[in-house]
Amino acid sequence: MRRLRQWGPGLLLLSPSLILLAVFVYGLIAWTTKVSVSDEHNALGSKGFVGLENYTKLFTDDINDRFVHSLKNLLIFTVVFLVGAMLFGLLWAFLLERGVRGEGIFRTVYLFPMAVSFVASGVVWRWLMNPNKGENAGGLNAVFGGLGLDFLQNTWWTNPDWGMAAMAMPAIWQLSGYVMALFLAGFRGIPQELREAAAVDGASTYRLYRNVIFPQLTPVALSALIILGHMSMKMFDLIMSVSGPQWLTEVPAVYVWQTLLTSDYAKAAAISIILLLLVAVVIVPYLIYTNRAEKNT
């Protein structure tokens, strides 16, 4: 009774959230897992359990290795997106931390793209990355042509060699400001005593940032990588707005949507579970690391 009185009020307050979480998160994950191991490949329903057959077929018996192709596209997109967003975010934060006039204006300019939806920015970037050249050029190609920089014109996301890397450009533009805000908060959170101690020891500006300031930003950088990596794996609306359901730019999230349109629920569920596992591989180690770090402090 004593434990019930102690824990009862808290559990009562949390029960609505716990019920919603159990039903609409873990319940739906369980249902999706159940469908992924069934033979529900049409609207007529499932006839039985097939084990991991749907998963193995994605890697061994998919038309034109479509799922493997989407995973490769996702890897290229994620790497280019993470590298670009982290570099630009760190650069902008470094410049603002060094002190510039009109810092508030620059922060607003860098953070503004975050307020724009991926769909809206995708439509704009679809025009900017117009693959046409010459007289029919539009967007960036038209700008390059007008400046006499025809050698910079290219086919952007329709390029079979690096089109997926070009698809990361809108995401970098939209989220590098968020990374900048994280790094800037990290810069401002470093105690002034560390800077003063390094100056007393005769450390140069390079040594100050190399050995004192940048190591302090490691937790911030790790958090930014996890957040952006998680977002890139689920990227759907931006890619659909720029290129639509194209083979060259297809990622697992787009593949799930197209598979659902054919009522192949088992296959779509299997892709969804694999995507969930990929996200878990990124997030779970980070959660374990942060929990251990908090206990050690």
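## How two helices cross

A crossing of two helices is called left-handed if the near helix is turned anticlockwise from the far one by less than a right angle, and right-handed if it is turned clockwise. In this predicted model, the crossing of α5 and α7 is right-handed. Helix α5 covers residues 118-128 and helix α7 covers residues 163-188, and the two pack with their axes 10 Å apart, at an angle of about 130 degrees. The two helices are therefore oblique to each other.

On the side of α5, the contact is made by Phe118, Ser121 and Trp125, while α7 contributes Met169, Pro170, Trp173, Gln174 and Leu175. Of the residues in this contact, six are nonpolar and two are polar, and none is charged.

## Salt bridges

The model has four salt bridges, among them one in which the side chains of Glu53 and Lys57 meet, with 2.9 Å from N to O. Glu53 and Lys57 are separated by about one helical turn, because they stand four residues apart in helix α2. Glu53 is partly exposed, with a relative accessible area of 33%, and Lys57 is also partly exposed, at 36%.

Another salt bridge joins Lys267 to Asp62, whose closest N and O atoms are 2.9 Å apart. Lys267 belongs to helix α13 and Asp62 to the loop between α2 and α3, so this pair ties together parts that are 205 residues apart in sequence. Both Lys267 and Asp62 are buried.

Glu250 forms a salt bridge with Arg66, with the closest N and O atoms 2.8 Å apart. Since Glu250 lies in the loop between α11 and α12 and Arg66 lies in helix α3, this pair ties together parts that are 184 residues apart in sequence. Glu250 counts as buried, at 2% relative accessibility, whereas Arg66, at 24%, counts as partly exposed.

How values were computed: Residues numbered from 1 in each chain as written. Predicted model: local features only at pLDDT ≥ 70, side-chain atom pairs only at ≥ 80, totals over all residues. Heavy atoms only, no water. Axes fitted to C-alpha atoms, helices over the stretch in contact; angles between N-to-C directions. Parallel < 35°, antiparallel > 145°, perpendicular 65-115°, else oblique. Contact = heavy atoms within 4.5 Å. Nonpolar A, V, L, I, M, F, W, Y, C, P; charged D, E, K, R; others polar. Buried < 20%, exposed > 50% of the residue type's maximum accessible area, 1.4 Å probe, protein only.
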